[in-house]
Amino acid sequence: MVSLARKSPEERLTICRKYYLGGFAFLPLLWLINFIWFFRQAFKVEPYPQQAEIRKYVIRSAIGTVIWCIIIIAWNIIFQQLRTRMGPVGDYLTFVVPRGYY
Amino acid sequence: MHLLFLLASLYLQNVFVFCSQPKRVVDQMYISFDHARYCVRRLNGTHEIGCQSAIRGNSGRMFMIDNDEEFNSYLNDNKTMNSFNAFIIVLNVNLFDSNHIDRLMKRLDTKLNGLLLYLKSKSARPLDFSPDDQCPNHRNSFYLNQTTETINWNRHGTGLFFRSFPFPIMLIEGEDDYQRLLKFYQQFNNSQSTPACGLELKTFQSAAHTTKTCMRRNDISHSIIDFQETFCDPIGGLNIYSKLPQSITIVPDQRPLKSVILILASTDSFQMFLETKRPTGGSQQPATALITFLALAHLIGQEQDELKKQNKEIIFVTLDGDAMDYSASYKFMFDMKNGDFPLGNKNEQPIETKHIHSIIEFQSLSMNSELWLHSYPSKLIDQKFIDSLIKNNRKINKIPIGTPLPPASSQIFLQQTSSSFPAYILASINQSQILNHYYHSFFDDSSTLSINISTLEYNTTTQVSQWIKQIVEPFAQTLIEWLVDVNKTVHIKQEIINNLVYCILKNMNCPLIHNVTNQSVGNTFQPFDQTSMPFSINTYPTSITPTFPFIQYVLGYFLRDRSFDLQNLTETSCKKRADNDSFCSYTFVDGYLPSRNSNNTLSSGYCVRSYLRSVQSISPAFIIPNYDLSKTEYPTWTESRWTTISLRLFLIPTRTHEIVTFIIGMMLTVISFFFLCFLRYYTKVSLLQPSSS
């Protein structure tokens with residue numbers, strides 16, 4: 001990973017925006033990386049003009065990550081609880097079909 | 001110097017390894033029992049039956065119960081009950097009935113982790129043992145929605161085969177296995193202070209829930225994983241049929257109405273406890289009936305010139321799968337209704353219900369002094385046939401009109417055709433019960449027919465082979481009288497029945513099969529050496545049994561066109577015939593001497609022309625596209641797959657022993673740490689870094 005300190009502020013903003021927009025393609029990990037990577041740039045370093053926008057993207061990425069986490073965990077719980085009750089759908093959604101158990 | 005020391009120690013180590021006998025720790029921890037029978041999982045549209053263990057096996061403290069007294073005292077023994085969390089109960093097979101099992105399951109609840117049944121010795125077998133229902137196949141009987149009173153034909157049936165157990169059940173039948181188990185049990189089970197015996201039962205099954213779920217899962221495959229896993233297979237084998245090749249009706253000839261007589265026998269049975277490549281039981285049901293059926297086929301083949309004088313066709317049919325809700329009969333009727341009977345050549349006139357004159361079935365024959373002829377429906381039965389059968393064979397009794405039919409394939413033939421032809425069932429079943437005390441269990445072996453299987457030779461005349469001769473000769477005579485109206489005494493050579501008894505009850509890889517097939521087919525029987533009585537639940541073609549090729553070739557040979565034998569064809573011209581004729585099959589054989597006409601000159605081989613068809617007998621439920629498997633219109637039995645089966649004995653150490661071992665282990669770890677630190681601190685040699693010396 002490139003050190004952000006060596007990039008110019010414009011370049012930093014472009015990268016951050018690309019990661020933020022990329023996350024909308026159902027890629028929550030991209031948002032998570034964006035948040036962790038630009039966290040220092042957004043909140044901890046000396047202020048610079050592009051920082052406000054970077055901060056916006058970082059916060060939005062964090063929110064997106066949280067929403068995704070909730071969705072994934074909720075689906076996980078629902079699937080585990082209701083798999084057998086879903087009947088055929090449950091089986092078709094299962095990747096490794098359990099042997100010997102319903 | 002260091003290097004020398006290192007080499008010397010390496011050498012010593014090698015010497016030590018070679019001198020000591022290599023033994024794996026696991027071999028010293030467990031004692032396995034290799035010949036244990038086990039119960040497996042089977043499914044139908046709505047339920048699962050049978051038993052299974054967890055994937056790593058079920059284990060627990062072994063507790064042996066031999067009789068009723070011990071059973072009661074065990075159930076009241078709170079101290080033992082609370083001392084362990086899991087028990088494997090070792091139970092005398094005589095106590096394996098619903099009453100005892102229910103009490104055990106209720107008292108132990110989740111602590112019951114498995115059941116091991118034992119048979120003390122061959123002579124200690126129970127007087128009655130049948131895990132089938134009291135009214136076998138009641139789920140799909142002819143009387144299902146009728147108000148006829150139900151008869152408990154199998155009065156001693158426990159119904160345990162059709163129950164689902166949450167734990168594994170296994171059975172040891174060898175006397176030496178029992179003695180070994182008893183020795184360890186007595187050695188270690190005397191007091192609470194010594195270690196106790198533990199057992200581990202492993203019978204994990206792949207299928208679960210219902211046939212519908214299982215068959216659906218069989219079809220699911222993910223493209224990322226290459227292989228597709230199969231969890232269960234539909235139950236069924238082959239329905240085989242044969243007749244005299246002279247009686248083929250080819251289009252545009254019309255088949256006259258009421259001109260086909262079907263003779264039925266089944267080729268399967270079931271047992272709750274099985275073991276692959278070991279005897280399965282099934283002597284009285286279905287083997288005796290099958291031998292009688294084949295002997296009758298021989299007599300019909302022998303008297304073919306006589307039978308030419310009339311216009312009825314006699315078709316011999318074997319059904320496989322009828323032990324489980326008659327699925328083979330359903331398939332047979334399904335084929336017939338769809339115009340697929342007989343299968344094969346489209347130019348052959350299909351046989352429909354209206355063409356059937358009557359059906360005759362051989363069921364569950366038990367070598368008793370009496371036999372019974374069941375018949376239905378009363379308005380269609382031919383009294384002339386019954387009277388002449390009873391006149392020719394005094395053993396046979398008539399069942400009073402109005403008595404329901406016993407469990408038999410005919411029930412489905414009648415049910416599916418609204419009883420449009422008469423059915424005659426010859427069985428060792430009187431008007432209220434089956435005379436076989438071991439109906440559908442592995443105890444139904446050749447000893448119940450007074451045969452000592454170890455001394456049985458290929459041509460030994462046994463009581464049962466004489467008995468079959470006494471049944472089959474009058475039967476063939478009656479058929480000829482009935483159809484041709486000629487009084488003729490027929491004879492079958494005793495040798496033929498002796499050979500059939502040997503082949504079917506002891507070893508299908510017998511001279512008979514090699515005489516009636518060519519060498520390449522004969523060779524396929526070699527691996528089946530000494531696997532007697534393969535009458536179990538079949539999942540053809542996943543599981544292979546020698547029964548089907550045996551019946552096909554023997555039946556085809558017995559019903560061959562005898563005039564064709566004399567044509568003296570060579571092997572190549574026989575093969576050419578086979579390629580050009582799609583109605584009959586041609587096999588070049590060495591010949592089975594007792595079955596040849598006496599005026600035949602011996603030749604090195606001859607071409608046999610026979611009529612033979614076979615079709616898979618899985619229930620129509622698996623054939624009809626998009627059939628809802630949870631419906632009960634057709635039977636939907638499947639059998640689970642399994643991989644490992646094992647039964648092992650081990651010792652459970654006492655609590656103190658366990659704690660001491662744990663502490664010693666911990667201490668060793670700590671000491672070795674200190675020792676290593678010490679070595680590192682004081683030695684300069686390091687294997688990881690280049691030596692400084």
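Modeller: UniProt positions are given here in the numbering used for this model, with feature names shortened, and an annotation may be inferred rather than shown by experiment. This is a predicted model in which local features need pLDDT of at least 70, side-chain atom pairs count only at pLDDT 80 or more, and totals for chains, interfaces and linings use all residues. Residues are numbered from 1 along each chain as its sequence is written, while chains are lettered from A and ligands numbered from 1 in the order written.

Colleague: Which residues of chain A does the "transmembrane region" annotation cover?

Modeller: According to the unreviewed UniProt entry, residues 20-39 and 59-79 of chain A.

Colleague: What makes up residues 59-79 of chain A, helix or strand?

Modeller: That span is 100% helix and 0% strand, with end C-alpha atoms 30 Å apart. Helices are DSSP runs of H or I, at least four residues, and strands are runs of E, at least two, both numbered from the N terminus. Residues 20-39 of chain A are 75% helix and 0% strand, and their end C-alpha atoms lie 13 Å apart.

Colleague: Why does B:Leu104 count as buried?

Modeller: Because B:Leu104 has 20 C-beta neighbours inside 10 Å. B:Leu104 is in helix 5 (residues 98-108) of chain B. Leaving aside neighbours within four places in sequence, B:Leu104 is in contact (C-beta atoms within 7 Å) with B:Ile89 and B:Leu112. B:Ile89 is 15 residues away along the chain, and the two C-alpha atoms are separated by 9.1 Å.

Colleague: What makes the contact between helix 8 and helix 14 of chain B, by class?

Modeller: Helix 8 (residues 283-302) and helix 14 (residues 494-505) of chain B pack with axes 10 Å apart, at about 145° (axes are fitted to C-alpha atoms over the stretch in contact; angles run from 0 to 180 degrees between N-to-C directions). Among the residues in contact are B:Leu290 and B:Leu294 of helix 8 and B:Leu500 and B:Ile504 of helix 14. By class there are 11 nonpolar, two polar and no charged residues. Ala, Val, Leu, Ile, Met, Phe, Trp, Tyr, Cys and Pro count as nonpolar, Asp, Glu, Lys and Arg as charged, the others, Gly among them, as polar.

Methods: Contact = placed C-beta atoms within 7 Å. Buried ≥ 20, exposed ≤ 12 C-beta atoms within 10 Å, placed from the backbone.
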